[in-house]
Amino acid sequence: MALLLPPVVSWDIDVAILNQLSGAVGGEPFVVQPVVEIRDKRGNLLTDIAGTIAVDLFETPSGNERICRVEENVAGASGESHCEEKTGDCPKWHSVDVSGGKGAFDGLYLNEAGGGYQLRYVFRDEYGIAMGFVVGDPFMVEKGIPYRIRVISQPGQAYGGAVWGDQPVVAVEDRGFNLLQGVSEGTVSIHLADEVDEGPSLLRSKGGVGDTVPIVNGVAIFDGLYINDSRYSYTLNFTTS
């Protein structure tokens with residue numbers, strides 16, 4: 001009995017990386033952005049070929065990271081990214097058109113610092129057919145410089161005159177939302193939004209910690225805070241110095 005096998009298609013296509021990315025820092029575009037070439041099996045650049053090259057994450061530290069891309073606005077200035085928020089929506093793929101046999105990426109970055117990253121580049125022709133792919137070298141994303149403070153622990157249920165069960169904790173982070181544990185200088189102050197400067201504050205503290213605490217190992221931990229007056233809804237503001 002004859003066994004019918006599907007024909008094996010071998011494209012005369014080779015996807016190669018011309019420029020590997022480098023200079024990966026959390027939340028910041030790679031210093032060197034990747035460039036991918038489309039060649040034939042003999043190594044000749046296919047300058048007339050049409051299609052797109054898509055990039056995604058082939059390996060990541062946890063499997064949950066997404067690659068991001070800064071978009072350019074009409075004026076050519078750097079605009080908002082696809083995943084500005086740490087848990088925000090971010091496409092799985094980012095694509096560029098092939099021109100002169102090359103696909104040059106721009107604005108790519110990763111938020112989460114760590115090692116074990118690899119990118120995959122897939123070439124599709126003008127009909128959307130996948131013709132080949134290549135996987136880049138492993139690389140690490142380093143932590144960046146201080147960029148923001150973020151409240152990582154909010155007060156829980158509050159009662160007038162009672163110390164909050166959950167006290168605020170504020171973290172110093174880079175652009176990629178990575179905690180900068182090496183930062184142990186400066187302070188964080190807390191105050192009530194829209195509260196006038198004259199007169200005593202409604203925000204109180206027991207235990208002598210007060211409304212200003214030092215940053216230690218990248219975090220500022222408040223303690224003993226409470227509000228006597230329970231008639232209003234309050235908003236907390238935090239500032240650094």
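Let's start with the lining of the largest pocket: nine of its residues are nonpolar, four are polar and one is charged. Keep in mind that this is a predicted model. Of the 14 lining residues, Ala158, Trp164, Ile227, Tyr232 and Tyr234 lie nearest the centre of the pocket, and the space inside comes to about 260 Å³.

The largest nonpolar core holds 25 residues, and Ile53, Leu119 and Tyr121 have the most contacts inside it. Strands E1, E2, E3, E9, E10 and E11 each give two or more residues to this core, with E9 giving the most, at four. Take a look at Leu119: leaving aside residues up to four places away in sequence, it touches a list that includes Phe30, Val55, Phe58, Ile67, Val134 and Phe139. Apart from this core lies another, of 17 residues, with Trp164, Val213, Ile215 and Ile227 among them.

Next, the aromatic rings. There are four aromatic pairs in the count. In one of them, the ring centres of Phe30 and Phe139 are 6.1 Å apart and the planes sit at 75°, so this pair is edge-to-face. Phe30 is in the loop between E1 and E2 while Phe139 is in strand E11, so the pair links parts of the chain 109 residues apart. Phe30 counts as buried because its relative accessibility is 4%, under the 20% cut-off; Phe139, at 12%, counts as buried too.

Phe139 also pairs with Tyr117: here the centres are 5.6 Å apart and the planes at 20°, so the rings are stacked. Tyr117 lies in strand E9, so this pair ties E9 to E11 across 22 residues of sequence. Tyr117 is buried as well, and Phe30, Tyr117 and Phe139 together form one aromatic cluster.

Methods:
Residues are numbered from 1 along each chain as its sequence is written. This is a predicted model: local features need pLDDT of at least 70, side-chain atom pairs count only at pLDDT 80 or more; totals for chains, interfaces and linings use all residues. Side-chain values use heavy atoms; hydrogens and water are left out. A nonpolar core is a set of buried Ala, Val, Leu, Ile, Met, Phe, Trp, Tyr and Cys residues joined through side-chain atoms within 4.5 Å. Buried means under 20% relative accessible area, exposed over 50%, partly exposed in between (1.4 Å probe, protein chains only). Contact means heavy atoms within 4.5 Å. On a 1 Å grid over the protein atoms alone, a cavity is a set of points where a 1.4 Å probe fits but cannot get out, and a pocket is an open set with protein on both sides within 12 Å along at least five of seven lines; lining residues have an atom within 4 Å of a point. Grid points are joined across faces, edges and corners, and a volume is the space filled by probe spheres set on the points. Ala, Val, Leu, Ile, Met, Phe, Trp, Tyr, Cys and Pro count as nonpolar, Asp, Glu, Lys and Arg as charged, and the others, Gly among them, as polar. Rings of Phe, Tyr and Trp (its six-membered ring) pair if their centres lie within 6.5 Å; planes under 30 degrees apart count as stacked, over 60 as edge-to-face and the rest as tilted.
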